[in-house]
Every structure is written in structure tokens, then in C-alpha cells.
Amino acid sequence: MLTIRNLECGYGRLPVLRGVSFDVGAESVGLFGPNGAGKTTLISALLGMVRPTAGTLELDGQNLAALSTYQIARAGIALVPQERELFPAMSVADNLELGAAYIPHARDMIDERRESVLGLFPILKERFRQLPGTMSGGQQRMVAIGRALMANPKLLILDEPSLGLQPSIVAEVFEKLAQLKTSMSILVTEQNVRESLKAIDRGYVLENGRVILEDTAEGLLHNPHVISSYLGI
Amino acid sequence: MAVKRSTILWAAVVAAAVVLILLWKPTVLVYGVQRAGLYAAVAIPMALVLGIVHIVNLAHGELMMVAAYLAYFVANRLLGLDPFVAMVPVALVMAAFGWLIYKATIKHALKAPELNQLILTFGLAIAFSQIANLAFTSQSFKLSLSYVSASATIGDVSFGVFDFVYVAVAVLLAVGLRLFLQRTRMGKAALAVGQNPRGAAIVGINVDRTYGIIFSIAVGLMGIVGSLFLTKQAIFPGVGGPYTMKSFCLVAMAGVGNIVGVLYCSLALGLSEAVINGIRGYAGWSNIVFFAIIIATILVRSYRERKR
Ligand SMILES: Nc1ncnc2c1ncn2[C@@H]1O[C@H](COP(=O)(O)OP(=O)(O)O)[C@@H](O)[C@H]1O
Ligand SMILES: [Mg+2]
């Protein structure tokens with residue numbers, strides 16, 4: 001479904017991604033790496049927010065590098081950004097609705113989508129009329145995930161969803177992702193490998209702009225490099 | 001919805017001022033409100049652009065000037081249209097012009113630092129007034145329309161009523177834009193873009209097109225405002241400049257994105273200007289008072305925000 005080949009990307013003359021290749025099929029994939037490895041840059045390239053200098057990006061055979069961010073969103077990729085990027089002066093209800101309103105294949109099923117999002121995150125029902133700024137970081141993260149799910153995406157991308165959340169909420173978020181993976185493809189970047197392994201089938205490790213390792217969740221859990229660098233044993 | 005105590009306080013202050021003015025010189029109240037209408041009608045499109053596109057358009061008043069010339073020459077001289085009719089084609093032409101300005105210039109400056117945007121629109125302002133100067137010289141043009149001197153008498157007070165048109169237009173603009181932003185698909189997209197362009201793009205909104213449409217709508221509205229301006233005022237190449245400045249001040253005073261706030265601020269400024277003008281021998285002070293009030297408001301606001 002998502003195919004990335006030899007992707008190179010950077011800011012000005014600073015190279016960040018130095019030839020990254022990977023795939024996401026009908027599955028849940030993790031992308032791990034330390035701070036500054038290029039995870040967010042890779043996602044930005046996928047969403048058309050930074051332009052690759054080399055390589056290819058395809059979703060179901062469609063060349064993403066030729067599209068703008070809004071067209072990529074309409075093609076079926078929904079993003080939960082690291083910084084959430086919610087609409088600060090709009091209620092939770094309006095934030096959710098905007099997730100679907102401009103996506104052709106989701107626009108006509110706003111009510112159903114909202115039902116399922118509120119089913120997944122019941123807390124949002126209580127906060128329905130509140131502004132995001134009045135809610136905790138974890139709840140805001142749920143609004144961002146909910147907004148992405150409203151788009152009924154083929155591929156859901158989450159950029160470091162556990163960032164800044166307390167451990168109990170992190171566990172909850174990955175539990176929800178584990179529930180979601182039957183109905184859509186998921187790509188999640190993380191530094192918190194241990195928690196996210198519960199929600200993924202496969203993972204890649206990105207370091208210094210290159211994929212240095214690729215394995216199943218089970219394989220990663222027993223990999224010496226992953227154990228020493230990410231699982232802190 | 002709970003009404004804030006400060007709102008009640010402000011309402012009381014304004015009501016008291018209005019009563020005092022009424023007892024003193026009722027016409028001052030009328031002229032103050034009319035002046036407020038003109039200021040608000042000119043400033044509201046600027047507030048729209050600042051709120052959504054996040055650009056301070058220093059060519060704002062000059063666009064009104066261009067619209068007024070367009071209404072004068074093409075619509076009035078050439079086609080013989082009254083400004084009230086002319087404002088329809090003028091608005092359409094101005095909207096197209098706005099789209100062009102966006103695509104050719106503003107769009108490219110949006111990612112640059114804010115200073116570049118200011119210099120760009122400042123440059124546009126100078127270009128517009130210079131071109132008008134070359135094309136029409138610095139001579140002023142004025143229509144003589146009989147209806148602008150319509151007056152009314154209440155008790156033993158009589159006053160001009162035509163300028164209430166500006167009040168009506170200002171209120172219509174504020175209400176209309178609010179409905180547009182809250183009820184329509186395009187308007188909701190614009191609100192989202194105004195609050196977070198990155199967030200808007202990832203939910204499938206074409207941010208660039210939204211900016212273009214909003215800028216074009218604002219310039220189109222200046223077509224309406226410029227045509228109305230022509231009904232009563234003399235126009236010349238530099239006529240727009242002061243309106244850029246006053247609009248900018250009003251918009252800053254109301255706070256970014258607060259279109260209805262522009263109405264209140266215009267009312268406060270219009271009334272205080274009219275009061276100054278009403279005191280014999282002090283008419284020349286009205287501009288000073290205008291800017292003194294703006295400076296005071298902004299200082300008070302920054303002070304309050306610092307305390308938070
Ligand atoms: N907007 C930017 N401009 C310049 N450099 C950037 C920008 N964003 C990220 N970088 C640099 O690119 C590298 C990768 O960053 P990022 O993709 O955010 O990593 P990660 O998400 O894995 O922490 C870092 O060295 C970072 O400093
Ligand atoms: Mg990152």
C-alpha cells in the first residue's frame with residue numbers, strides 16, 4: 001500500500017534522510033529512532049510538507065511527491081502530528097467534524113464516524129463542548145487521534161503519540177491503536193518501543209537518516225541493539 | 001452564557017457617555033455613530049484578512065481608493081451608473097483584482113518573515129497611489145449627488161441622515177461575514193485555516209486556495225466600500241492612506257480575528273472624535289485623540305496580558 005524507496009530529504013543543505021526504504025501493507029508498522037533521527041522529517045515528506053530531494057513515495061501506486069498536503073489527506077492518509085495541530089478556538093466537536101468535512105470519502109458519514117470515535121474515547125463525550133486548551137495533554141492527543149479517525153483513512157500515521165503523556169495514558173493510547181489495526185493500516189513513530197510493540201506487527205529502526213534494522217515486533221523485542229538502546233535493560 | 005462583569009461595566013460607561021452626549025449636543029451622537037460606521041466598514045475587510053491570512057495589508061486604504069476611481073470613471077462616467085449600482089460590478093472587478101494580487105504577490109511572501117509581508121503591501125500601497133497619480137493627476141474628483149444631503153429633524157434638532165448608510169453597511173458586513181464563517185463550508189474552512197494552517201492542510205483543506213478566496217473577498221468588499229465612499233467624499237490618489245492607518249489601528253485595538261470587536265472599537269473612536277469636533281476650537285485634536293485612545297487601549301491590554 002505505502003511504498004517508500006531510497007528517500008532522501010533535508011533542510012537546506014543539511015541531509016536528514018539518506019536513502020530510506022520501507023513499506024506499510026495491511027498491517028501496523030512502527031518506526032523507531034532516537035530524537036533527531038528523522039522520524040518527523042520522514043512523516044513530513046509523506047504528507048508533502050517537505051519535498052524529497054530523491055527517491056519515491058507511493059500510496060497504492062499514486063505518486064505522493066507530486067501532491068500537496070491537502071490532496072494527500074484526501075487520498076486517504078490521516079496524520080496525528082507530534083504537535084497535535086488542533087484548532088485552538090474550536091470545540092472538541094468542531095475539531096472532530098473538521099477531520100471529516102473536507103475528505104470526500106468521509107464527508108457523508110460524519111455521524112457514524114463520530115459515534116465510533118466517541119465509542120473509542122468516551123472521555124471526549126464529556127469534553128465535547130470544551131476547547132482543546134482547557135484539556136490535559138492526553139485528552140488533546142485523543143482529540144487529535146479522533147480527528148484523524150474521522151477521515152476514515154486507509155493509512156493512519158501517528159508521530160510520537162506517547163510524547164509528554166503519563167505512563168497510564170500511554171498504555172491506554174496503544175491499547176486503542178491495537179484495536180484499530182484490524183480496520184486500517186497504521187504507521188507509528190516512537191521512542192517508547194516497549195509500549196508500542198503491543199500495537200504493531202512489524203517495525204523499523206531509523207538512525208542517522210538510515211534504516212538500520214527491520215523485524216517483527218517479536219524479533220525487535222529480542223534484538224540486542226533494540227534491547228540495549230531502546231528497552232533500557 | 002454568563003456575561004462578564006467587565007462587559008457590564010463597559011456597557012454602563014458607554015451608556016452613560018451616550019446619555020451625557022445626548023443632553024449636551026444630540027447631533028454629536030448622530031455624527032459619531034455615522035463616523036463609526038464609515039471606519040468600521042473600511043476596517044472590517046482588513047480584519048478578515050488579518051484574522052485568516054495573517055497578513056497586515058498596508059495597501060488596504062489604497063485598494064479603497066482604486067475602487068473609488070473605478071466607480072467614478074468606469075461606472076459613473078462611462079456607463080452612467082449611480083455608485084449604489086456601480087458597487088456591484090466594481091466589487092466583482094475588485095475581487096478579481098484581489099485574486100490576482102494574491103496569486104502574483106502575497107502568496108509568495110506568506111512563508112517569508114513578517115517584515116517582508118509588510119514591505120510588500122507597503123510597496124503595493126505606494127504603487128497604487130503613484131499609478132493613480134500618473135493616470136488621474138493629483139486633482140480630486142467628486143460626485144454631486146442630491147441624495148447625500150438628505151436630512152431629518154427630531155424635535156428641534158436636524159441632522160444629515162445619508163451617512164447612516166455606512167453604519168448599515170458596517171453591520172451587514174460584520175453579520176454577513178460571521179454567518180459566512182460559521183455556517184458555510186468555505187467559511188468553516190477559512191476559520192480552520194486562520195486558527196492553524198498546518199492543521200487545516202492535514203484535514204484536507206486547500207490552504208492556499210482559502211487564502212486566495214479570503215483575500216479576494218476582502219478586496220471585493222473594498223469595491224463596495226469604495227463605491228459608497230465616492231458618494232460623498234472627494235477622491236484623490238492619497239485619499240486611502242489615512243484609512244489604512246485608521247483601519248490598522250482599529251483592527252489592532254479589536255484584537256486579531258475579532259470582526260464584531262471592530263464595530264465596538266469604531267463606535268468608541270467615532271463617538272470620541274465627534275465629541276472633540278463638537279467642542280468649539282478643538283476640532284483639530286480629533287486625530288490626536290483617535291491615536292491616543294488606540295495607544296492607551298493597546299498599552300492596557302499588554303499590561304493585562306503581562307500580569308497573567
Ligand atoms: N524545520 C527544520 N529546519 C531545519 N532542520 C530541521 C527542521 N526540522 C528538523 N530538523 C533537523 O532534522 C533532524 C531530524 O529531525 P526530526 O525529523 O524532527 O527527528 P525526530 O522526529 O526523529 O526526532 C534533526 O537534526 C533536526 O534538528
Ligand atoms: Mg519527531
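In the predicted model, A:D111 is exposed, with a relative accessible area of 55%. The side chain of A:D111 forms a salt bridge with A:R114, and the closest N and O atoms of the pair are 3.0 Å apart. Both residues belong to helix α4 of chain A (residues 110–120); because they are three residues apart in this helix, about one helical turn separates them.

A salt bridge of another kind is found in chain B, where the side chains of B:D208 and B:K107 meet at 2.9 Å, N to O. This pair links distant parts of the chain, since B:D208 lies in helix α9 (residues 207–232) of chain B and B:K107 in helix α4 (residues 83–109) of chain B, 101 residues apart. B:D208 counts as partly exposed at 23% relative accessibility, and B:K107 also counts as partly exposed, at 32%. In chain A, salt bridges that share partners join A:E27, A:R202 and A:E214 into one network. Over all chains, the structure holds 15 salt bridges.

Two salt bridges are counted between chain A and chain B. A salt bridge joins B:R198 to A:E85, with 2.9 Å between the closest N and O atoms. The pair crosses between chains: B:R198 is in helix α8 (residues 197–202) of chain B, and A:E85 is in the loop between β6 (77–80) and α3 (92–101) of chain A. The two partners fall into separate accessibility classes, as B:R198 counts as partly exposed at 47% relative accessibility, whereas A:E85 is buried, with a relative accessible area of 13%. The contact between the chains takes 22 residues from chain A and 16 residues from chain B. Chain A and chain B bury about 1,700 Å² between them, and 58% of this area is on carbon and sulfur atoms.

The loop between β6 and α3 of chain A also contains A:R84. This residue has a positive phi of about 70° although it is not a glycine, and A:R84 counts as partly exposed at 22% relative accessibility. A positive phi is likewise found at A:N152, again not a glycine, with a value of about 50°. A:N152 is placed in the loop between α6 (137–150) and β7 (155–159) of chain A and is partly exposed, with a relative accessible area of 26%.

Chain A contains an open sheet of four strands in the order β2-β1-β4-β5, with antiparallel pairing. Its edge strands are β2 (14–24) and β5 (62–63), each of which pairs on one side only. Eight bridges connect strand β1 (residues 2–11) of chain A with β2(A) in the antiparallel sense. A:E8 stands opposite A:R18, a residue of β2(A). Helix α1 (residues 39–46) of chain A lies across β1, β2 and β4 (54–59) of the chain, and runs at about 115° to β1(A).

In chain B, strand β1 (residues 151–154) and strand β2 (residues 157–160) run antiparallel and are joined by four bridges. Within this pairing, B:S151 stands opposite B:G160 in β2(B). The two strands, β1(B) and β2(B), form a hairpin with two residues between them, and B:G155 in the turn has a positive phi of about 65°.

The largest nonpolar core comprises 91 residues, of which B:L48, B:I205, B:I235 and B:I259 touch the most other members. Helix α2 (residues 26–52) of chain B gives the most to this core, contributing 13 residues. When residues up to four places away in sequence are not counted, B:L48 touches B:V53, B:L177, B:L181, B:I214, B:I217, B:A218 and B:I259. Apart from this core lies another, of 49 residues, with A:V92, A:L96, A:I145 and A:A199 among them.

Definitions and conventions:
Residues numbered from 1 in each chain as written. Chains lettered and ligands numbered in written order. Predicted model: local features only at pLDDT ≥ 70, side-chain atom pairs only at ≥ 80, totals over all residues. Heavy atoms only, no water. Core = buried A, V, L, I, M, F, W, Y, C linked by side-chain atoms within 4.5 Å. Buried < 20%, exposed > 50% of the residue type's maximum accessible area, 1.4 Å probe, protein only. Contact = heavy atoms within 4.5 Å. Pairing = 2+ DSSP bridges. Axes fitted to C-alpha atoms, helices over the stretch in contact; angles between N-to-C directions. Buried area = accessible area lost by both parts, 1.4 Å probe. Salt bridge = Lys/Arg side-chain N within 4 Å of Asp/Glu carboxyl O.
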